[in-house]
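Please look at the two chains shown below before reading on. The report that follows goes from paired strands to the overall build of each chain, and then to the packing of helices and the contact between the chains.

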Amino acid sequence: MKRFIFFLFCFVAALTALAAPMTVTGVVYEPSGEAAIGASVYEKGREGSGAVTDIEGKFSLKVSSLKAVLVISYVGMETQEIHLEGRSELKVYLTEDNHALDEVVVVGFGTQKKINATGAVKTIGNEMLTNRPVSNAVQALQGAVPGLNITNDAGGAPGESMNINIRGVGTIGDGSNANPLVLIDGMEGDLSAINPHDIESVSVLKDAAASAIYGSRAPFGVILVTTVKGEAGTRVNYSGNVSFRQPVNEPEPVDSYTMALMVNDAWANAKANDNYFKQAQLNKILAFQQGLLEYGTEAASSIKWKEVYASWGNTNWYEEYVKKLAVSQEHNASVSGGSRKTKYYFSGNYLDQSGIFRHADEKYTRLALSGRVNVKFNDYVQFQWTSRIISTENNKPSVLNNLFYHNLGRRYPTEPLYLPNGEYHPNSLIQPMEEGGRISDKTRQFHNQANLIIEPVKNWQLHAELNSRIENNPYTRQFCPVYFTAPNGSRQPISFGDTGKHLINSTDGTFNVTPDLGESYYEKANRAVNYFSTNFYTDYALTLNDRHNFKILVGMQTEYLHREYDRVASSDIVLPDRPFFPSEIGGETTMISEVKGEWSTLGVFGRLNYNFDNRYMLEVNMRGDGASRFPRNQRWGYFPSVSAGWNIAEESFWAPLFSVWNYFKLRGSYGVLGNQNTESFYPYYENMSTEAGNVVLGDNQVTTLPVYAPFSTTLTWEKIENAGAGVDFAFFNSRLQGAFDWYQRTTKDMLGPAQSLPGVFGAAAPRTNNAELRTRGWELELAWRDRIGSDFNYSVSASLADYKSIITKYKSSDNKINNYYQGKTFGEIWGFEVVGIAKSDREMAAYLAEHPQSSIGANWGGGDIMYRNLDDDPAINKGAQTLDDHGDLTVIGNTTPRYAYSFTLEGQWKFIDFRAYFQGIGKRDYFIGDTAKGTSTFFGYGGSAWQSTLFVDHLDYFRFAGSPLGANDENPYYGRLRTDANNIQYCDRFLQDASYLRLKNLTVGFSLPESAGLSRYVKKARLYFSAENLFTFTKLRIFDPEAIDNLGGFGAGKCYPQYRTYSVGLELTF
Amino acid sequence: MIKKISILALAALFLTSCDDFLQREPLSFGDREAYFTSPEDFALSVNKFYEMLPQNNALWGGLYSADVVSDNQAAAGAQSLFYPGEKKTPAKGASEWQFTNLRGINFFISSAEEAVATGHAQGAEAELNHYIGEGYFFRAYDMYRLLTNFGDAPIITEMLPDDQAVLTEASKRYPRNEVARHILADLDKAASLMKDAAPEAGRVYRDVALAFKARVALYEATWEKYHAGTCFVPGNSKWVGAATWPGFAWKPVRRRLKSISFLTGLWRPRKRLPLSTRSTTTTLACSTIGQALSDQPTR
């Protein structure tokens, strides 16, 4: 009865309270009993009108009713929600928020509290992956984690993959690779194929202690990707964006008249020819530029039009080929939900990207569907099933390959775009692009994972996992014959840029084909991968006396992979519009190859974690691995590792500092891992396989069976020794957090050359495990998170990492400086030092009298480069290019990217959020010019008269007064333009600084405020504008710092252009 | 007790199945066990050696460009042979000191002969032997290349292991007449094994071996005749190989040189010499040829 009356009273009071706006007052206290100054207090749902506690912790707030809920938040403290329930005076006691330290890191086969982790592990949530208009998760992770190096030296083709490594160069062992192991939910997967929206967290295991549990598959680090699970409460999510891409740092070619004058200069300076373009031709070029001539070419013979230097057009090929804008779109929808017993998550993603080349109609599309269901049968048994389907297609013209990029810069501006009969000039390759056949490269991946977790007793879990991945990669390529109309009216075939060749690559059976004139070629291939792995493990956690915490994990893992490549091609296709293989027996023009193989591994592992009172931590890992790749007697490897840590901040003597410095952990680790990732699946077998021969016997091209290449019979594992130490710290209630790591990684028993054997051996000496590489580096990261008032919170974080690799053991037969040798710092560049550019013939002659440069070239004169003499011999030469005799060469730089840094600025104010993310490389030298073909993009001429790519930047070369292009003898950058190699040697003058700073991502987002009243329909709505690669600051001339790799062997810069992306996107949650 | 046994049995089963699981054979290539089972397999291996034969790369004048080092033909640029100081010793990689072909040939010959001897190779003996004969022919062909380029050259008759000591021993250069003898012996063997007619157009057969034998003999004999007394020819004090072969000496053999005129073709005696003088070869023209063919240096 009393209760009833009391309740009635409250009810009435509440009703009255409902009627009128009330004022609530109170005091907020910190856990220490002191007043919390500047804590923000607001009514839930009305963030805009809040109050802030004063110096005594007191606040006063107008609320809509006394039934409202107050939210009190304070940095470093747990945010509290207080139901007023009719009260108008409050006393609030805050509790510490150590969520930052309750943070969990994902480690192998489990998770650990961050404060207890002793290995070098960094876990990031999905903040780096959302709102980024990137095509895959790898691009988004660039610079996100110090020590995780993602480089893309190949430009930005749609569907392009990037290189990932953890902590630098891992191995130079021929025939093995140093890629980190990527595990998606415990199964090996491809980070570039997974839908970025499905990722919940990415954990990078950098050292041996962390990755030892994975043994021989993970000697160079592990990237663990955890996908999104369902949560209770149904939610439907949609996000989509539209992006616009434009190329950056495109080279600018010179116009035809300038080019003609430059060519004349180059030939004359090398005394190779005088006046290559005669005055009559120059007049024609000028006339065409001025519009006096209608066409840039005429008949050269009855079946050929004038081309190359004989024509007089004026075409800027980059402008003709590279679009200014390409559009892409991405849509992602997901539904997640569940109850206490079942949780589910389904998602679908569609990405459509087009390329930047005109006439090419490139398209990259991806469709990904995934589903994850988690069922709890009862308190003991849980079952999880994940299925993922990923289907991608990359469709582009067959002629768009590295040879195309090579010829793009090389094509002469004097070649006109059109012929007098209105067709495209055959050398423009526009018709081959549009009609010459396309490549369709599809991938289909089907991942399935089943996971059973049994917990018979509290803290004891048994796990059984089955993982399967099935991949199919159907590929077709076609070269259709294309024709132009010759002056005499006949139809002539167009060449695809090189003489015809048909080669089969024996390692993977791919075909290296350039079609003959008029050839109708069609190729079809499939790559099928079947991967199956099982994990069985159990873990048990035990606490004794409340202070001794043990956790033990024991398990077993098996993996099996079967891969095959099949490929067929025919040059006899009758209907190019609908290509199919003609049924025939023993066709002459057919190419066939099949390469297949399989490998398997078996591993047994165990881990013991011990911590005493969360202050002293110890972890011991052990793994035994057997791999099918090694011969029976070398098959098994045993890999131990140990790590320890000390949480100093938890010590009793630290208490006075604790309020300022609340987290300080020292840790160290050491471990040995083995690498079984050889390139070949069967490195110790006599590999004899047939290949096509270059001889015709009888009526056929023969098949030959060459003898096998010798291999070492003592082949065994590469061993990677990891040692490291680190410090984790946090100040001001974890508002400032950071970590510093130092590490050393030694790769032992790398495959290196055996000492060279006498020539009578008849083959290259087989590599044995005798080389060693040592990498040393460090990583530093700092982050500051804070809020100002109740509306604005922000964070600033930065990371910096560096490493250096030295080859500590190597048996080079000749110590050639351009190859590996003992003591070589990785990435060394050798070259001359330059005295300067001779200003006159006399100056040059005087210099040559003292230091002849005849080994480099001939016909020196004013405007050429004078190289410095560094050795005893006055002549300038390269010696034997070995370590003992390198003439006047010296180390001029290093191509290793050093001091990789990133810097993020994030903030959120009311309903606006923004993020700016900078990423860069602090120091990197690069010399663009390792082949004749490659040198030309930087110098203009690549040492051969036919390798020239003349850009506006190349105009800054030495010219005497009276030169038709104007004098340039004061302070030119380049020496005289020449068709030979005199002025383009490796030297310090032209060493480039490829360091850069990029504003990688800038995002501004607007969220629908909760008060807008749409909260019945839409729980969250956000519109964002994002830009990638917005600005680049670099001192590199001509090129983009991420497009200078010599891929395809044609030289630096001859790759797909880099681009900047603008996008607008929308996120909705229902 | 039974429990113990069954546990052990299970463990054994587990371990062997583990081993089975980890033993993976290659799927798309074979080793010598897989091949060398039929004449067709032999042919596949031998086909590789046909690439050693001269090819006519028409782009740069082909075979005909070789004549620019003679006085029959001149090319656009200067020939380094004719200008003092211009002919330089090439780097090892670009020289003729290559034994890659010999390795493959010796591997083939030894594997094929072993396969025939053990019965691993099935097929008509005439067929199998023909291809082994082709192998011998190509070995002689490659040795001839070494002979013409280096004179004294190593004689390699088997695939060598990667052992420094063994290889050093095998690098020893034999006197050139010894090398020529070896070549001719190989060609004899090839002629005896090969068929009369080529199994398919373009393959070598018996007459090819014999014709090549004639060429080798002519070359060597002519060389030794016109370089006699110089450092290039073994047997005189100036010979560069005297240090390696201290006991070397010509040992003339009394033998009727019936087949000379057939083999050399070009040489014909002006008039028939009496039998006695014919056999005791003293005239320069006779002696050099005879020495080349039948001498046995003492070692």
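Which residue stands opposite Ser201(A) in β15(A)? The residue that stands opposite Ser201(A) is Gly125(A). This is a predicted model, in which local features need pLDDT of at least 70, side-chain atom pairs count only at pLDDT 80 or more, and totals for chains, interfaces and linings use all residues. Residues are numbered from 1 along each chain as its sequence is written, while chains are lettered from A and ligands numbered from 1 in the order in which they are written.

**Strands of chain A**

Helices (H or I, at least four residues) and strands (E, at least two) are DSSP runs, numbered from the N terminus, and two strands are said to pair if DSSP finds at least two bridges between them. In these terms chain A has 12 helices and 50 strands. One open sheet of chain A is made of 5 strands in the order β10-β15-β16-β13-β14, and its pairing is mixed. Its edge strands, each of which pairs on one side only, are β10 (121–125) and β14 (187–188) of chain A.

| Strand | Partner strand | Bridges |
|---|---|---|
| β10(A) | β15(A), residues 199–205 | 5 bridges |
| β17(A), residues 235–247 | β50(A), residues 1059–1069 | 11 bridges |
| β49(A), residues 1020–1034 | β50(A) | 9 bridges |
| β21(A), residues 381–397 | β22(A), residues 438–457 | 17 bridges |
| β22(A) | β23(A), residues 460–479 | 15 bridges |

Single residues can be followed across these pairs. In β50(A), Tyr1059(A) is the bridge partner of Pro247(A), and Thr1061(A) of β50(A) stands opposite Glu1028(A). In β22(A), Gln445(A) stands opposite Ile390(A), whereas the bridge partner of Phe446(A) is Ile470(A) in β23(A). β22(A) and β23(A) form a hairpin with 2 residues between them, and Asn459(A) in the turn has a positive phi of about 75 degrees.

**Chain A as a whole**

The C-alpha trace of chain A spans about 115 × 70 × 70 Å along its principal axes. The radius of gyration is taken over C-alpha atoms, and the globule rule is 2.2 Å times the number of residues to the power 0.38. For 1070 residues a compact globule would have a radius of gyration near 31 Å, and the 34 Å of chain A agrees with this. A residue is buried if 20 or more other C-beta atoms lie within 10 Å of its own, exposed if 12 or fewer, and partly exposed in between, with C-beta atoms placed from the backbone. By this rule, buried residues make up 42% of the 1070 residues in chain A.

The secondary structure of chain B comes to 10 helices and 0 strands, and buried residues make up 33% of its 299 residues. A nonpolar core is a set of buried Ala, Val, Leu, Ile, Met, Phe, Trp, Tyr and Cys residues joined through C-beta atoms within 7 Å. The largest nonpolar core has 55 residues, and those with the most contacts inside it are Phe137(B), Ala140(B), Ile183(B), Leu187(B) and Ala190(B). At least two residues of this core come from each of α2 (39–47), α3 (100–118), α4 (125–150), α6 (176–193) and α7 (206–226) of chain B, and α4(B) gives the most, with 12 residues.

Two residues are in contact if their C-beta atoms, placed from the backbone, lie within 7 Å. Not counting residues up to four places away in sequence, Ile183(B) touches Ala140(B), Met143(B), Tyr144(B), Leu147(B) and Val216(B).

**Where the chains meet**

In contact across the two chains are 41 residues of chain B and 40 residues of chain A. On the side of chain B that touches chain A, two or more residues come from each of α1 (2–22), α2, α3 and α5 (164–170) of chain B, and α3(B) gives the most, with 5 residues. The residues of this side divide into 19 nonpolar, 12 polar and 10 charged; here Ala, Val, Leu, Ile, Met, Phe, Trp, Tyr, Cys and Pro count as nonpolar, Asp, Glu, Lys and Arg as charged, and the others, Gly among them, as polar.

How many of the 9 residues of α2(B) are buried? In α2(B), which is mostly covered, 8 of the 9 residues are buried, including Pro39(B), Phe42(B) and Leu44(B). The buried residues of α2(B) pack against β34 (691–697) and β35 (700–704) of chain A, together with α3 and α4 of chain B.
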